[in-house]
Amino acid sequence: MAMHANEVTVSTTAVERLVAAQFPDWSGLDVQRIDSEGTRSAIFRLGTELAARFPLMRDEPDDVRAALEAEVRATREIGDHVSFPTPRPVALGEPGEDYPLPWAVQTWLPGVTATRDDPSDSVGFAEDLAQLIGELRAIDRRGRVFTGIGRGGPIPDHDDWMGTCFDESAELLDVPTLRAMWSRFRELPAHAGEVMCHGDLTPANVLVSDGRLAGVLDSGGLGAADPSLDLIPAWNLLDDAPRERFRSLLGCGDLEWERGRAWAFQQSMGLVWYYVESNPAMSRMGRRTLERLVRADA
């Protein structure tokens with residue numbers, strides 16, 4: 001089932017043809033589609049060392065190429081500044097007969113995503129996560145500021161989207177309780193200053209091994225934003241005790257912590273209803289996050 005109205009499909013056969021035509025040195029590699037909870041790309045493993053990512057949202061090819069080039073720069077920048085493994089960009093592919101958009105090849109990282117190897121009760125994982133966020137915050141902004149797109153700026157900018165989410169969730173969630181929470185979140189004072197943030201630290205974008213952080217994926221959203229933005233994983237990845245350790249290591253004050261709760265709320269409200277049929281794992285993650293947020297509000 002498609003996740004988006006304008007979703008592009010890509011088959012294993014199409015990937016084999018694209019690779020053979022554009023990168024003949026890899027034409028003998030086994031191509032395997034990876035069952036992923038991700039929502040923006042279809043992932044195919046090429047042999048044992050490479051992964052190909054095919055954007056799922058139909059758009060103008062030039063715009064997709066620009067986004068992939070920005071992702072390459074962001075992935076390299078993160079890789080240069082954090083202690084945890086990240087994919088290394090390898091190549092960009094072009095549209096072909098069987099797929100209408102540019103696509104990307106990067107190195108394959110070993111490990112299992114946190115959607116499949118749940119690290120929520122691991123204090124060690126929480127410590128790794130805090131270290132990662134500290135390293136991201138230390139990246140020089142070089143004059144970069146929040147772009148005004150997505151999460152990471154003024155919380156009330158998301159009122160219209162939250163209204164849609166509340167309407168669509170009437171049969172799924174306790175909407176009156178959640179509306180009351182949002183009414184408080186949207187009144188929080190603005191953040192002071194911006195730092196570099198990953199922007200999408202969800203269970204599908206972190207790799208786990210033996211209860212520790214083993215890698216970081218999907219770094220194309222790297223950018224300047226509210227420092228609280230990367231506190232979302234305190235709620236979508238961690239249970240109570242690890243969450244408190246995470247907060248302690250980052251030294252989060254009450255306002256920063258509450259803004260992090262607001263961003264986690266904003267993200268998870270959209271996940272529950274939007275993916276309830278097309279990506280049940282993402283919908284469940286949103287519901288679990290909301291349950292943690294509501295318990296903390298009690």
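Residues are numbered from 1 along each chain as its sequence is written, and side-chain values use heavy atoms, with hydrogens and water left out. Since the model is predicted, local features need pLDDT of at least 70 and side-chain atom pairs count only at pLDDT 80 or more, while totals for chains, interfaces and linings use all residues.

## Helix packing

Two packed helices are described by the angle between their axes and the distance between the axes. Axes here are lines fitted to C-alpha atoms, for helices over the stretch in contact, and angles run from 0 to 180 degrees between N-to-C directions. Helices (H or I, at least four residues) and strands (E, at least two) are DSSP runs, numbered from the N terminus.

Helix α8 (residues 254-274) and helix α9 (residues 280-297) have axes that come within 8 Å and cross at roughly 140°. That makes α8 oblique to α9; angles under 35 degrees count as roughly parallel, over 145 as roughly antiparallel, 65 to 115 as roughly perpendicular and the rest as oblique. The crossing of α8 past α9 is left-handed, a term used if the near helix is turned anticlockwise from the far one by less than a right angle, with right-handed used if clockwise.

Contact means heavy atoms within 4.5 Å. On the α8 side, the residues that meet α9 are Arg 261, Ala 264, Phe 265, Ser 268, Met 269, Leu 271 and Val 272. On the α9 side, the residues include Met 282, Met 285, Leu 290, Leu 293 and Asp 297. The residues of this contact of α8 with α9 divide into 10 nonpolar, 4 polar and 3 charged. In this scheme Ala, Val, Leu, Ile, Met, Phe, Trp, Tyr, Cys and Pro count as nonpolar, Asp, Glu, Lys and Arg as charged, and the others, Gly among them, as polar.

Helix α9 also meets helix α5 (residues 175-185), and the two axes come within 12 Å and cross at roughly 70°. That makes α5 roughly perpendicular to α9. Leu 178, Met 181 and Arg 184 in α5 meet Leu 290, Leu 293, Val 294 and Asp 297 in α9. The contact of α5 with α9 divides into 5 nonpolar, no polar and 2 charged residues.

## Aromatic pairs

Rings of Phe, Tyr and Trp (its six-membered ring) pair if their centres lie within 6.5 Å; planes under 30 degrees apart count as stacked, over 60 as edge-to-face and the rest as tilted. By this rule the count comes to 13 aromatic pairs.

Phe 54 and Trp 103 form a stacked pair, with 4.8 Å centre to centre and 15° between the planes. The pair links distant parts of the chain, with Phe 54 in strand β3 (residues 50-55) and Trp 103 in strand β5 (residues 103-107), 49 residues apart. Phe 54 and Trp 103 are both buried. Trp 273 and Tyr 274 form an edge-to-face pair, with 5.5 Å centre to centre and 75° between the planes. One aromatic cluster is formed by Phe 23, Trp 26, Phe 44, Phe 54, Tyr 99 and Trp 103.

## Single residues

Buried means under 20% relative accessible area, exposed over 50%, and partly exposed in between (1.4 Å probe, protein chains only).

| Residue | Relative accessible area | Class |
|---|---|---|
| Leu 132 | 1% | buried |
| Asp 200 | 17% | buried |
| Asp 218 | 17% | buried |
| Trp 273 | 17% | buried |
| Ala 70 | 29% | partly exposed |
| Tyr 274 | 31% | partly exposed |
| Asp 210 | 74% | exposed |

Leu 132 is found in helix α3 (residues 123-137). Leaving aside neighbours within four places in sequence, Leu 132 is in contact with Val 82, Phe 84, Leu 201, Leu 213 and Val 216. Leu 132 and Trp 161 are 29 residues apart in sequence and 30 Å apart in space, C-alpha to C-alpha.

Ala 70 lies in helix α2 (residues 61-81). The C-alpha atoms of Ala 70 and Met 57, 13 residues apart along the chain, are separated by 17 Å.

Asp 200 is found in the loop between β7 (195-197) and β8 (206-209). With neighbours within four places in sequence left aside, Asp 200 is in contact with Arg 40, Arg 151, Asn 205, Asp 218 and Gln 267. Asp 218 has its place in the loop between β9 and β10 (223-225), and has a positive phi of about 50° although it is not a glycine. Asp 210, in the loop between β8 and β9 (212-216), has a positive phi of about 55° although it is not a glycine.
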